[in-house]
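Please read them with the model open.

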Amino acid sequence: MSEAHTPILAADGPRISAGPTDVAKPFVKWVGGKRQLLPEILALMPARAETYCEPFVGGGAVFFALYAEGRIGTARLADRNLRLVRTWRAIQSDVDGVCERLDAFRAAHCKDHYYEVRQLDVDAFDADADVAAWFIYLNKTGFNGLYRVNRSGGFNVPVGRHKSPRVLDEPNLRAAHRALQCAEILHLDFQEACVDLRRGDAVYFDPPYVPLTPTANFTSYTAAGFDGDDQRRLADFAHELKAQGVAVVLSNHDDDNLKALYTPGFRSKIVKARRSVNRDGDKRGTVDEVLIW
């Protein structure tokens, strides 16, 4: 790996079990989030993974669900979006600081405050807690929970129409903090994040999706994007992991060209998902997605 990381583990073992009232859920809204597809995805995952890897972590719905069911030994969560990675790290290591900052943002929230926060040079912040507060505040108060940047990396989502946005959900942030004590959080490409996985481990790939139409491009989570060559590289790597005995599950839009990249060797099924983000309001609603395993 290109960075040295040591997992932060529970003092008495590799994980802290989540009780029935301590189940964390994603602390950011995420386009293509998987909470509604969790039953189908969890059914495809092994009963237990010594190391669970999620290289496109986004909101982390699958990680939190597997953790709550006690199906993870240790976790490895990664993304190429450094701001998102710093947000996860702050929840893991300084949840008090994140909550304090979000409480201040909550008190000051209005349209003008949103745009003041949006124009801050977030990449110059030294503290991960400052990045996390910036990220979560804009995510909770921006239009449709979008995270979108221009080619210069500037966040360019307009303010949303929320009457009473829940900027700070402290109980959930603290539950997420506890869950993350079993995880290492990496700013790595998906191949680097999975480099030493072996039989008995599992990986869930939720990459930026193949666009449904030429204009339906919601893959701009980083300035570099994620194009067709990246999709082919991911498929080749998935075949390599499968040959090593790693359990692999992947999701994407239902696309014949994409499914062909995983044939033979993988199975697939179509699932229905509700999507609320499209510049054409008539095209929002239920779409076909594919699960590949």
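The points below take the cysteines first, then the ring pairs.

1. Keep in mind that this is a predicted model. Every value here is computed from it.

2. How many disulfides does a search of the whole structure find? The count is zero.

3. Cys194 deserves a look. The closest cysteine sulfur to its own is in Cys53, 3.6 Å away. A disulfide needs the two sulfurs within 2.5 Å, so this pair is too far apart for a bond. Cys194 has 1% relative accessibility, under the 20% cut-off, and therefore counts as buried.

4. Cys99 is also buried, because its relative accessibility is 4%.

5. Turn to the aromatics. The structure holds 19 aromatic pairs. In one of them, Phe56 and Phe190 have ring centres 5.7 Å apart. Their planes meet at 35°, so the pair is tilted.

6. Where do Phe56 and Phe190 lie? Phe56 sits in the loop between strand S1 (49-54) and helix H2 (61-68). Phe190 belongs to helix H8 (residues 190-193). The pair therefore ties together parts that are 134 residues apart in sequence. Phe56 is buried at 11% relative accessibility, and Phe190 is buried at 2%.

7. Phe64 and Trp88 form another pair. Their ring centres are 5.6 Å apart, with planes at 20°, so the pair is stacked. Phe64 is in helix H2 and Trp88 in helix H3 (residues 82-93), so parts 24 residues apart in sequence are tied together. Both Phe64 and Trp88 are buried.

8. Phe64 and Trp88 also belong to a cluster.

Definitions and conventions:
Residues are numbered from 1 along each chain as its sequence is written. This is a predicted model: local features need pLDDT of at least 70, side-chain atom pairs count only at pLDDT 80 or more; totals for chains, interfaces and linings use all residues. Side-chain values use heavy atoms; hydrogens and water are left out. Buried means under 20% relative accessible area, exposed over 50%, partly exposed in between (1.4 Å probe, protein chains only). Rings of Phe, Tyr and Trp (its six-membered ring) pair if their centres lie within 6.5 Å; planes under 30 degrees apart count as stacked, over 60 as edge-to-face and the rest as tilted. Helices (H or I, at least four residues) and strands (E, at least two) are DSSP runs, numbered from the N terminus.
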